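Visitor: Hi! I'm new to reading protein models, could you walk me through one?
Guide: Happy to, let's bring it up.

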Amino acid sequence: MPTLAPPGPAATRPPKKTALRADSTLGLLVKIVLLGLVDAFAVYVMITLFLQEKWLVLVFAAVVTVLINWVYLRRGGLPAKYLAPGIFFLVIFQVFVMIYSGYVAFTNYGDGHNSTKADAVNAIQLSAQQRVPDSPAYRVTILERDGVFHLLATEPDGTVSVGTTGEPLEEAEDAVTDGTGKGTELEGYRALQFGEVLANQADILAITVPFSDDPEDGSLKTGDGSNAYVYRPSLSYDEDTSTFTDLETGATYSDRGEGSFQSEDGEQLSTGWKINVGLDNFTKAFSDQNIRGPLLQVVLWTFTFAIVSVLSTFALGLFLANAFNLPDLRGKRIYRILMILPYAFPAFLAGLVWSGLLNPEFGFVNNTFFGGADIPWLTDPVLAKVSVLVVNLWLGFPYMFLVCTGALQSLPEEVNEAARMDGASAWRTFTAIKLPLLLVSVAPLLIASFAFNFNNFNVIYMLTDGGPRFDNTTANIGHTDILITMVYEIAFGTGVGRDYGLASALSIIIFIIVAVISAISFRQTKALEDING
Amino acid sequence: MTTFIDPQAVAPAPTPSGGSGSVPAQRKRSFGQWFRHKGWRHVVGVVTTVFAVFPLLYVLSAALNSNGTMAGSNALFTAFDGGNFEALFSDPTRPFGRWFMNTMVIGVVTSAATVFLGALAAYAFSRMRFTGRRVSLLSLLILQMFPQLLAVVAIFLLLNAITDVVPWLGLGSQLGLIMVYLGGALGVNTYLMYGFFNTVPKSLDEAARIDGASHVQVFFTIILPLVTPILAVVGLLAFIGLSSEFVIASVVLTDPESQTLAVGLYSYVAQQRSENWGVFAAGAVLAAVPVMALFLFLQKYITNGLVAGSVKG
């Protein structure tokens, strides 16, 4: 390749230029239309970003758009034209998200820490609402427009106004009123029937109509769909000192640099904001009693699971490949097809199906093979691990069988014959000659298989869901959880609150482990090749 | 192991034509030999086949038995009826038909786009020489070590942010999910294709160039038709992989109407594994059949491709 390179460009460049000029008008047209569509979309995105005042993203979008146009409009730079579309997605959804994981790992992002401080202040003021004692009732009608419910409120003095969550109350002069002066209809809205109000109770109770943009002014909420009352924040915010004061108890909550408002005695307001916490997530992973113990067990099991899976599938696959590596064996094709079936069966379904087979009470395995015994295949820590390994063997051995068969058949026959001439036994021919040769071609696949099993989410999640759970932690993590399922559980699990920061920190740890393993193993593979080759 | 070929064992044993006094003795001996040489292989074959196949037979039997519960599914093939399949398609809270369609659409669109993006890149790497070529190839090889699901948290947060700007590309959108999947379009695929593209002689494109074809014409009319096998393999492999993808799909698609089979069927058994068992089994059979059919059809190419790739490193 390198030897061919120098004459290559020199020889092909001149015809390339003429070829470009000779591009058909159709090609040009397609190019203009496609680029036009991309640009139109880009402009739409940029306008939205401009309206939302997201300047950093706007600049980034503009740079990307200019770059795309430059790549396709300039003369030459042909490789970039072919590579750009794939690289565009690769950079955003593979490279950027990795970098972003790295960033999130250093924040406290998660439930209760989702946004900026200003948003948190707003949210606290809105959520900490209490009904103003002795405030008058506003008679309301529930309206609907575009699927959003609004309150049509008639003030005690007869003024009719409309509003909804996030849209302050606005006077509606042309509202239709009934005999008692209560607003009942408004043009452009649809008034809800009583039945509909009942059906949408939760949404209607959640409506909080502010009186103005300042949450301190209070808001209207309804408890029954017919009367609304004035609510005011029970916490008052002081911008100068950046503290909340509880209007009843007088306690103050201040920002102590931990992404939330805390009182003197350490009590926190539930809504906080996103801040950088440095290495806190990593230290938490390795020192917090609730995480450290489980994490170490999970790491250990992840390695055990991956290594045993590779070895067991490879051993069985190789054994079978040998057994069936006989040209005139009858029914070889049938065995082969039937044995490959598990590999063709979607992995997520395999986990679910086996979870039924191994069900202690009703499962096929206990009832048919063990005569109705109550063997806790999936709920005993040790048996669950064995079950996971067996199911993964079931899923993985056909692949190794195929690979080993292919590799065995590509071994030169002369080697074999030479060994036989020298009087080597079959076993010795296998261990001393075939296996080393086989390993050269199969080793990269074994490494890939290890990397795959290291993050083999589906089998674990579908079969045991990580269970049985550890006793020494409140998080929903268990004896068969591997790192990636633990990350998923911490980030999206239902047990405790979502903690994106900690989950990302753990993904970064996986990144590092995978990187180290691939680096080492690639070096090893090269060494192996050098020895043999 | 031995590929030692014993002429006696190879010779067809049945249809003994012509009586000979030593036949019984010969048979006896040849059975022992036959077993040492071949018989044990059949034992291994039968045992492994049973291990491989019984879970599949079990699902099939459970799907065809509308008795429905898990305990009732243990006697294999005692009843045959389509009750589970009817139940499967008549539950509006679990729209199996929609899940099936969603999986097909997402799978087909993504794998077609994957093939196209990969082929474009492979063409550039195989036919053009430019600075950064080796580095790019190496980066792709390294990047594909890190599966996208490792960054699932960041993907979720990114799509969450996109929802604010372009709602139809953000969380809950299938188009958004496809976009995320396309992040993995290069990588292994490009590598597989790059190897195959290199086997197409360069003299072909050069001849076309001399005849006045542009690089686009060479790509579409000369190269692509010659590499269709690898395009098909990559596309079908991508499709098979996508049809099993759970992690990212479960995070992105929240509305039952827009979910894929993996996410939907998981929710089917997640809560009450034993009661819905028959219906789940029916769903599993329908979900697995197309993928398995594709797979078996492809099986030959897959093994060849895998081993070829491994030898080239």
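Visitor: Is strand β4 (residues 160-164) of chain A buried or exposed, and why?
Guide: 4 of its 5 residues are buried, so β4(A) is largely enclosed by the rest of the structure. Buried means that 20 or more other C-beta atoms, placed from the backbone, lie within 10 Å of the residue's own. Strands here are DSSP runs of E with at least two residues, helices are runs of H or I with at least four, and both are numbered from the N terminus.

Visitor: Before I go on, what kind of model is this?
Guide: It is a predicted model: local features need pLDDT of at least 70, side-chain atom pairs count only at pLDDT 80 or more, and totals for chains, interfaces and linings use all residues. Residues are numbered from 1 along each chain as its sequence is written, while chains are lettered from A and ligands numbered from 1 in the order in which they are written.

Visitor: Back to β4(A): which sense does its pairing with strand β3 (residues 148-154) of chain A have?
Guide: Antiparallel, over 4 bridges. Strands pair if DSSP finds at least two bridges between them. A:T154 has A:V160 in β4(A) as its bridge partner. The hairpin of β3(A) and β4(A) has 5 residues between the strands, and A:G158 there takes a positive phi near 100 degrees.

Visitor: And how many bridges join β4(A) to strand β5 (residues 167-171) of chain A?
Guide: 3, and the two strands run antiparallel. A:T164 has A:E167 in β5(A) as its bridge partner. These strands form a hairpin with 2 residues between them, where A:G166 in the turn has a positive phi of about 85 degrees.

Visitor: New topic: how many residues of chain A are in contact with chain B?
Guide: 92 residues of chain A are in contact with 88 of chain B. Contact means C-beta atoms, placed from the backbone, within 7 Å. Helix α4 (residues 78-104) of chain A gives the most to chain A's side, with 16 residues.

Visitor: Where is confidence lowest in chain B?
Guide: In helix α1 (residues 7-10) of chain B, with a mean pLDDT of 36, whereas helix α7 (residues 174-182) of chain B is highest at 95. pLDDT is the predictor's confidence in each residue, from 0 to 100. Over residues 1-25 of chain B the pLDDT is below 50. Where pLDDT is low, the predicted coordinates should not be read in detail.

Visitor: What ipTM does the complex get?
Guide: The predictor gives an ipTM of 0.83, along with a pTM of 0.79.

Note on methods: Two residues are in contact if their C-beta atoms, placed from the backbone, lie within 7 Å. A residue is buried if 20 or more other C-beta atoms lie within 10 Å of its own, exposed if 12 or fewer, and partly exposed in between; C-beta atoms are placed from the backbone.
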